[in-house]
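Me: I've got a protein model open and I'm new to this. Can you walk me through some bits of it?

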Amino acid sequence: MLSECCDTICSGIDFRVASEPEGIWLRDVAQARFRDWSWREAREELNAVAAWLQQTFPQSGAHCAVLSPNRAHWVLADMAIVASGGATVPLFTTLPAATAQYILEFARVKVLFVGEASNWDQVRCVLPADILIVALPGVEVREEHVRWEDILRAHRGQRSTHVATSDELMSIVFTSGTTGEPKGVMHSHHSMLLPMRRCADAFSMAEHPRFLSYLPLSHVAERQAVLMQSVLHGGTITFNEGPDFLLRDLVGCRPTFFFGAPRIWEQLRQQIEADFGSAQALEEALARDPQGTVLRARALVGLDKARYLLTGAAPAYDDLINWWARLGLSLMDGYGMTEAMGLIGSTAQNNRRGSIGKPVPGVEVRLSDSGELLCRADGMALGYYRREDETAATFVDGWVHTGDRARVDGDGFYYITGRMKDYFKTIHGKYVAPAPIEGRFSECSCVDQLCLLGRGYSKTVMVCVLSPVAL
């Protein structure tokens, strides 16, 4: 693993360039064709953009947003921002215009790096007047902008003079805003790297792992589990071309570490069964040739080299876990949040159905009198950007108040039982606040009683008892 003396993501990249300059770090894939960046090539490219940023904003610390699907240039832009002394503000390509406008204005964003974002037509209408737009390669924008390629030509061979420190702000990651305006969680180099350092043994992580990046890099989980781990362990990241190509890119990548919400594991299961002809046909093949069928099934979805398979963001049900176990693949549950990652997890030695696992070494966990899960560890977020009161309410004497209800069994395994506040996650890992939805439905005179269901479901379902008038 990366030397402990490399305490920033910048020094980590420098370490990789010094030790394996031609090793492949980033791989973009389009129409089954790869474009690779070695550690040396990637650093040269990001250094040029970092130099331009520093010259454009001489006072380090400019907040720069990235609006793009997962691509090599998402990472290169992110690392260029950080190398210049700035802070990255990731934007989801599904954000509605109003939320994007709020984040850009509230975070005082100076530069926006734009990729082929599906919501660009909405976001472009709400941009701050003084924002500088950088078009990533292959993207055309009508607004006044600077092209990434032009920056490279003008600044190739240059680098920022900023020297990063482990405790400096490197990113502001905004939460979903389910219960109000989204909060900007502030992360330092330390809080982005350390959680993945302490998970190395739990994840069975070896040098030069392979990752498929398909979940949004705008989410802290993907950024830490894929990007940070790639630097820590000298890994290669392959970027999924899009949802329609997930299976193709899984097979092309053959990741050694893979993370997915339960719905992803459902979809891969369906793909395997379809390839065999039916669920029954798969069962018959397993009965005839267990070993050969298992190897074929794993290879069909590119998981024949996987060392650790992580599920999370929503509960995985027993039937799904049991199905994958028959193929010799254990789905390991884990727990983290935007404010603190790498807290609780399952391993091959400590794995219990329905549980999120045990605390990772270096993490303290306890339950409050009201049953709230509290965690304390090194490497927590710095707090919420421009929200001191909420920071004080969430981070108390080193303990992060997660907002999740939990229980612990006699063997020390933890189980999430609900939220302290009244909302839930679907099987896709999406938060849903029932109250406002139920309120709209209750306006109908035909409805007497109602309840919105969805925890663990693929879709939310409104259950209604009709009023006598409707009957």
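This is a predicted model: local features need pLDDT of at least 70, side-chain atom pairs count only at pLDDT 80 or more; totals for chains, interfaces and linings use all residues.

Me: Let's start with R147. How exposed is R147?
Reply: R147 is partly exposed, with a relative accessible area of 35%. Buried means under 20% relative accessible area, exposed means over 50%, and partly exposed is in between (1.4 Å probe, protein chains only).

Me: Ok, and what does R147 form a salt bridge with?
Reply: Its partner is E149, with the closest N and O atoms 3.8 Å apart. A salt bridge here is a side-chain nitrogen of Lys or Arg within 4 Å of a carboxyl oxygen of Asp or Glu. E149 is partly exposed too, at 23% relative accessibility.

Me: How many salt bridges does the structure hold?
Reply: There are 27. One of them joins the side chains of R27 and D36, at 2.8 Å from N to O. R27 is partly exposed at 22% relative accessible area, and D36 is partly exposed at 29%.

Me: What about R223, what does it form a salt bridge with?
Reply: That would be D78, with the closest N and O atoms 2.9 Å apart. R223 lies in helix α8 (residues 220–233) and D78 in helix α3 (residues 72–83), so the pair ties together parts that are 145 residues apart in sequence. Helices (H or I, at least four residues) and strands (E, at least two) are DSSP runs, numbered from the N terminus.

Me: Is R223 buried or exposed?
Reply: R223 is buried, with a relative accessible area of 0%. D78 is buried as well, also at 0%.

Me: Switching to strands. Which way do the residues of β13 point?
Reply: In strand β13 (residues 308–311), Y308 and L310 point one way while L309 and T311 point the other way, and all are buried.

Me: And which strand pairs with β13?
Reply: Strand β12 (residues 257–260) pairs with β13 in the parallel sense over 4 bridges; two strands pair if DSSP finds at least two bridges between them. In that pairing, G260 stands opposite T311. β13 also pairs with strand β14 (residues 331–337), again parallel, over 3 bridges, and there L309 stands opposite L331.

Me: How far is G260 from E372?
Reply: They're 112 residues apart in sequence and 26 Å apart in space, C-alpha to C-alpha. E372 is found in strand β18 (residues 372–377) and counts as buried at 12% relative accessibility.

Me: What is E372 in contact with?
Reply: Leaving aside neighbours within four places in sequence, the contacts of E372 (heavy atoms within 4.5 Å) include R366, H401, T402 and M420. The E372 side chain also reaches the backbone nitrogen of T402 at 3.4 Å.

Me: Last one: where is T391?
Reply: T391 lies in helix α14 (residues 388–394). T391 is buried, with a relative accessible area of 17%, and touches L382, G383 and Y384, not counting residues up to four places away in sequence.

Terms used: Residues are numbered from 1 along each chain as its sequence is written. Side-chain values use heavy atoms; hydrogens and water are left out. A polar contact is a pair of N or O atoms within 3.5 Å; within protein, one must be able to donate a hydrogen and the other to accept it, and residues adjacent in sequence count only if both atoms are side-chain atoms.
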